[in-house]
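Reader: Hello! Could you take me closely through one part of this model, and then show me how the rest of the chain sits around it? I would welcome the cut-offs behind each term as you go.

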Amino acid sequence: MIPRPEHPRPDLERPAWQTLNGIWEFAFDPENIGMEGGWFTSPPTFPLRIRVPFPWESRLSGLGRTGYRGVAWYRRPLALPEAWRGRRLWLCFGAVDWHATVWLNGEKVGEHAGGYSEFRLDVSQQASFSMPNQLTVRVADFTDPVLPTGKQVGWYTPTSGIWQTVWLEATGPVAIRGFRILPLAGRDHLPTGRVRFAIRLDRGEEGSGEVWVQVRSPEGRFPTAEARAAPDQEEMELEIRVPEPILWSLEAPHLYPAEILLRAGRGAKSRVYDRVRTYFGIRTIAFGGYAGEYSFVLLNGKPIYLRGVLDQSFNPEGLYTAPSEAFLRRDLELAKAAGFNMLRIHVKADEPRRLYWADRLGLLVQQDLPNTWLLTHPGAPYTPENAQRARKAFAQTLRALVERDFNHPSLFCWTVFNEEWGLGSPEKAPEEHRIGWALEMVSLARRLDPTRLVHDNSGWSHLDTDLNSFHWYGRDAEVPRQLCRQASAEHLRPGEEWNYLPGYRQRGEPFVNNEFGYVSAEDGDEDISWGVLSYANALRSCEGLVGYTYTQLTDVEWEHNGVYNYDRSPKRFGYEFWAPGMTVRDVFAEDFLVLDVPAIKQARPGERVDVPVLFSHMSGRHEEGLTLRWQMRWLDRFGNWRESRVESRECPRFPPYRLTPLGTIPLTLPQEPALATLVAWVEGAEAGRVHTNYTQWWVRETGGLPRVEVVDASTLALRFAPEDFWESRFSEASAPPTPLEGKHYGRGHGFVEYRLRLPEGVTLEGAESLTFLCEVAAKAGREKVDWPGRPHPQDYPQSGGKAFPTTVEVSVNGVHVATWELPDDPADACGVLSHWRGREGGSYGYLRQAQIRMDSPEGLAIRNRLAEQGHLVLRLEVPWNAVHRGGLAIYGEGMGCYPVEPTVLLRYAEPLPLPVGWTSHTPVGLRREGLESP
């Protein structure tokens, strides 16, 4: 089966083509002896085989040689279709990293430097139709940090060799070298339906005569345009007019198929030299104000709130190369499914088919240039020689990328630099490089493509840019909230230097976040769900901020902040547990109901609070007819759900593309200890539910839950902390290396035992039942981590990937009372208390209970043993012979999901001698002497 059999350029596709993907002969050349040994003319046997177009580091290549840097050789035979005899033959490479030299039948036909750019070689003179052809390619790739390499250096597994499709094409003596399709705009940046085609010809040695150029619609959607190219003319323009044009938009990404033909004459029967199938979308890109004082990115004159996601475009099987067309398409479908409307393809020039699917599916693309590491990597110090090499290669990459991708309607912005990578800071870099060369590259990008936005340096220290961007990573969403609000109120106006280098000023460009994350690259394998919601809520509360980019779409190797896992399997976010029906799409929604309060809140029972509410209306579809509804839901101290009635009020008119205050929601928090959740949503009779959000309070008394409580006239609760154990002994780890307040665990098989003293005067005489209630889960070690080769002390993978079950046997005073099958060691937004505690973020368990009637034989045995030993013994054991020996974690009121301590409930037939509500904070859990309290 041929890998990646589809044509690599649906925007420039000739019907006469042939893929060369598949199994090639291959040899590493670590001593670089192949040139001297004439491997291109009389080669030795190449001992290895490789699947093209996958880099030799990838599993899909069949080699998986991640550590090799240097020279390698490729070779394959090729046969030419007889129908191509007499035509010009083009050998095409989508991308080869880094330097390629190509021979056909022992004759050198060309070479190319640059790991991201397409190149085509005319092999008409070297190709044979009478004998088998032999194609040989020598590749040299040392992953040089001075050159544009993106995150191949210092971040992820590099890509070397051929990593995009190799193919052959046939044309007549005159060929289409390239073309640009430019939809023309009228007033207010609105498309007119006029579309200009700027076409460049390659006449070769035999194509100096007259040529007719034709642009036509295969579907008859627009009138054909044609013009005569004079002899030796190599550039020309044609303009078509599309009647009643359907614009390309994110909601309806309409594309017009087109063909460009070169003919020997004007008549339909004249010889066709070349035919290229392409397509275009009618759309315009600009930035400017809209019904307010702040600038937006404008698509067809309409504001777009950028809900972007950083797209590293790596995958575990092919690295830089998508394993299949379906896989590549699925990436973009996953982005849309999560609510994003923009991909920021990060410091990588991707396969053209990724942009094709963005065109088809309706996603904007912000394209980063692959960076050099000059001045920002130890292997790339600033020297005149290094600077010259870096600049030359970078400019070449920029030119090639603009040339290749100009016609994609999804592409709206070029990002020239990221975080000063390859530039260096103003304090360390020569001014002529950090400022002079940076401005030179921005100017070059504008000259090469005046139709799109140009972003100078994503993150900070701007010079001349169409996006005023900042980046933010951290655990406190309040900081960027205040930064954005201050910027909007004081700094977002033309002439301001804020976020610019001294001497350079804003021109009124849109203010956007271009990277944010609760979990940053170096934070390990952690849950993102609670943090990303708090960040999104904070960013959407900021008037003047007109877009963001979340880091990132998927996990990549050791970096674990993706919305999806590295293998593209879904993560579990857990929002629906707190707010029924809420999904990750609500986090990245176009219209957003902001609950304008801090993410972490504690309160006293019965406390009154007011929650300011804002509506970020960025779709323009809901100006009126919406209703705000809300409900208080809470988990009480026994883990039971309680709910208030749903309240509502009609919303005012919402101006489009504005942040509208909706007043406050007044609340009285539960009159008892609880984890309280305000769920709020906006809905309309026709629109349905538009957006859902929630915010939470930990409602508790000072000192926490009592150790003993008379719950009602005949029920007594005994509580203990998870860390108040008598003994804990497990096969892999018997306790956390540093004791945790509110959580205890052991790994492997083993047990934890608790011994409880009953309060003075309390016995089991007259007790009808005993119920043991607690929040428990499995406890994994490194088993759930996706990239175990790079451990991090904060690793606690988000739910939804690998499950890690366990079996727990529960006994009371030696009597078996329950078996709990626990499906996982989960971590997501359900574990909000762990996030608030800042330990083992997002981890939580399952609320389980074991109940036994005290008049049963088992109950009598428990009663008798209490009389003999003077205390209750609770034992939770993972048996050594269980199928699932996944350890055990026990949660208390301050960690996990439920505001519940491990609790024993004793229910009596007769009223207790103590009044209802009586409590004691005297510990009931016994600790063995020598055990230190955490």
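Author: Happy to. Let us start with His691, which lies in strand S39 (residues 688-699); helices (H or I, at least four residues) and strands (E, at least two) are DSSP runs, numbered from the N terminus. A word on the basis: this is a predicted model, where local features need pLDDT of at least 70, side-chain atom pairs count only at pLDDT 80 or more, and totals for chains, interfaces and linings use all residues. Residues are numbered from 1 along each chain as its sequence is written, and side-chain values use heavy atoms, with hydrogens and water left out.

His691 has a relative accessible area of 1%, so it is buried (under 20% relative accessible area; exposed means over 50%, partly exposed in between, with a 1.4 Å probe and protein chains only). Setting aside neighbours within four places in sequence, His691 is in contact with Asp586, Ala589, Asp591, Phe592, Leu593, Ala680, Trp681 and Val682; contact means heavy atoms within 4.5 Å. Tyr846, by comparison, is 155 residues from His691 in sequence and 28 Å from it in space, C-alpha to C-alpha.

Next, the nonpolar cores. Such a core is a set of buried Ala, Val, Leu, Ile, Met, Phe, Trp, Tyr and Cys residues joined through side-chain atoms within 4.5 Å. The largest one has 130 residues, and Phe412, Tyr550, Val563, Tyr575, Phe588 and Tyr694 have the most contacts inside it. Helix H4 (residues 431-448) gives the largest share of this core, eight residues. Apart from this core lies another, of 51 residues, including Tyr745, Val762, Val817 and Ile862.

The peptide bond from Thr551 to Gln552 is cis, with omega near 20°, and Gln552 lies in the loop between strand S30 (547-550) and helix H7 (575-578). Another cis bond runs from Val52 to Pro53, with omega near 25°; Pro53 is found in the loop between strand S3 (48-52) and strand S4 (70-78). Ser313 is not a glycine, yet has a positive phi of about 55°. Ser313 sits in the loop between strand S23 (306-311) and helix H1 (325-337), and its relative accessibility of 6% is why it counts as buried. Ser461, also not a glycine, has a positive phi near 50°; at 16% relative accessibility, Ser461 counts as buried.

Finally, the whole chain. The protein chain has 10 helices and 55 strands. Its radius of gyration is 33 Å, close to the 30 Å that the globule rule gives for 934 residues, so the chain is as compact as a globular protein of that length (the radius is taken over C-alpha atoms, and the rule is 2.2 Å times the number of residues to the power 0.38). Of the 934 residues, 63% count as buried. Among contacts between residues at least 6 apart in sequence, 73% join residues at least 24 apart.
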